[in-house]
Amino acid sequence: MKNKKAIRIAQNRYFLPSFLLLLLFNISPAKAFHELKPRIVVLTDIAPGNVEPDDMESMVRLMVYADQLEIEALITTIGWNCDPYPTEWADSLQRVIDAYEKDADRLMKRSGQKGFLSLKEEQTKQTIGYWPSPEYLRSRVAMGSQHAGIGRIGKDNDTAGSELIIKLVDEDDPRPLWVACWGGGNTLAQAIWRVKQERSEEALKKFLHKLRVFTITDQDMVYAMRMNRAYSSHQWMRKEFSEDLLFIWDESAWLTQNELGSKHWEQYAQLIQGKGNLGKAYPTYKWGVEGDTPSFLHVLPNGLHDPNQPEQIGWAGCFKRGLCPDSLTTAWTNWQQPQKAISRGYEERFYPAVFDDFAARMEWAEKGHANRNPVVVVNDRQGTKPITITAHQGETVKLDASRSFDPDGNHLSFTWWIQNDAGHSPVGLTIQQQGSTACVSIPHQAENGEIHVVCEVMDDGDIPLCSYRRIIIACMSGE
């Protein structure tokens with residue numbers, strides 16, 4: 001086995017010197033790219049596992065991706081099952097962070113991290129590959145609104161959570177701030193209301209342009225009222241700030257995750273529960289499994305898409321801007337056909353890779369060693385952001401991923417495909433692949449527009465893992 005791995009590493013000889021240096025100095029390949037993590041705030045109605053296990057399950061998964069996401073705030077708030085939100089339920093969040101603290105030394109081995117930065121340094125900008133300290137995570141916990149609905153927005157409704165959101169948006173940081181609503185979003189709505197009262201219209205727009213919102217359906221109300229959209233602050237945000245607030249309203253991926261997670265629960269029981277201290281904190285499901293997880297799967301920097309472009313397929317499906325079920329407001333959503341079927345198809349396609357990725361990270365939490373993802377390099381360009389190439393009608397674009405490598409020396413297999421429902425795919429467009437290379441032939445009659453190609457790279461580790469890279473071919477006339 002060792003000889004086979006040595007041969008595989010030798011086959012990646014172009015990257016061998018730099019990669020050995022990275023290992024020597026305990027720096028992960030991803031971290032060496034100096035790419036900053038996406039920023040994320042979570043609004044969660046987390047509860048004890050015997051009451052509602054869903055959020056606690058998602059919180060465990062979030063912790064094993066703490067090297068990929070800059071967790072700016074963990075804010076407890078209301079949801080379908082609680083109005084008011086019981087203060088003692090927040091203990092479940094602390095329990096997950098306590099479990100992370102016990103597993104952190106093993107998780108850090110994934111990127112060769114030997115210790116934590118100072119709390120002051122952690123509070124600036126974190127790069128991909130850095131595992132935050134438990135102290136940092138605890139410093140980011142706050143209580144948000146304990147009551148649901150638009151009626152709780154306004155004077156005397158500020159909370160530690162809403163004030164923290166304002167502080168985070170105001171930071172001198174060009175990265176957008178993603179707000180993942182696992183429960184109700186009225187803590188965010190209160191932050192927006194406060195800024196609207198105190199700042200100019202121009203300053204309000206600047207504030208809104210820094211925000212990205214991903215809501216798991218609409219939970220700003222008790223479950224029995226879920227069709228009363230006007231009761232919710234979500235409708236207010238979509239209606240009042242439609243042109244300035246990027247708002248994703250998911251009504252597909254969370255249902256798929258619940259359904260497939262329940263269907264394949266034996267895999268969770270075997271490969272997730274009991275793996276390390278985080279696995280011991282992972283409760284058994286009641287109605288569905290990790291329905292809130294798609295809100296941060298959408299933001300993960302795995303190379304598959306730019307989360308700021310919701311029509312690009314990611315691990316949380318894809319979205320089109322259109323009318324919401326209230327027949328009044330618009331958002332990026334997937335509740336109507338054919339978009340729901342399109343998104344569902346991708347969600348099912350990626351589910352095995354998404355689960356395996358999680359399972360491998362839980363192996364790290366338990367053992368301190370497991371498989372790591374391939375590093376995809378296309379046309380000599382590393383990183384995770386989409387690559388844009390300009391081409392003309394009748395031209396053949398060559399894409400070369402042969403310099404991709406696996407940090408564990410595993411064998412890599414390559415799949416190239418076109419996302420036909422993003423950009424445009426002209427009639428006659430063809431893609432021919434030969435292993436790590438592909439040629440995209442653009443028809444002479446193609447119109448101007450974007451062609452979206454995905455390079456999918458899988459290793460053959462004990463738990464096979466995928467990485468991706470999106471290539472956007474900007475097709476232009478030859479004139």
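Select helix 8 and helix 9 to begin: the two cross in a right-handed manner (the near helix is turned clockwise from the far one by less than a right angle). The model is predicted, with local features needing pLDDT of at least 70 and side-chain atom pairs counting only at pLDDT 80 or more, while totals for chains, interfaces and linings use all residues. Residues are numbered from 1 along each chain as its sequence is written, and side-chain values use heavy atoms, with hydrogens and water left out.

Helices here are DSSP runs (H or I, at least four residues) numbered from the N terminus, and axes are lines fitted to C-alpha atoms over the stretch in contact, with angles from 0 to 180 degrees between N-to-C directions.

Next, show the side chains at the contact (heavy atoms within 4.5 Å). Helix 8 contributes Gly161, Ser162, Ile165 and Ile166, and helix 9 contributes Thr187, Leu188, Gln190, Ala191, Arg194 and Val195.

Now move to the largest pocket, with a volume of about 520 Å³ (the space filled by probe spheres set on grid points joined across faces, edges and corners). A pocket is an open set of points on a 1 Å grid over the protein atoms alone, where a 1.4 Å probe fits, with protein on both sides within 12 Å along at least five of seven lines; lining residues have an atom within 4 Å of a point. Select Trp80, Gln219, Tyr223, Trp254 and Asn258, which lie nearest the centre among its 25 lining residues.

Finish at the second largest pocket, about 390 Å³, where Leu36, Pro38, Pro307, Asn308 and Lys385 lie nearest the centre of a 20-residue lining.
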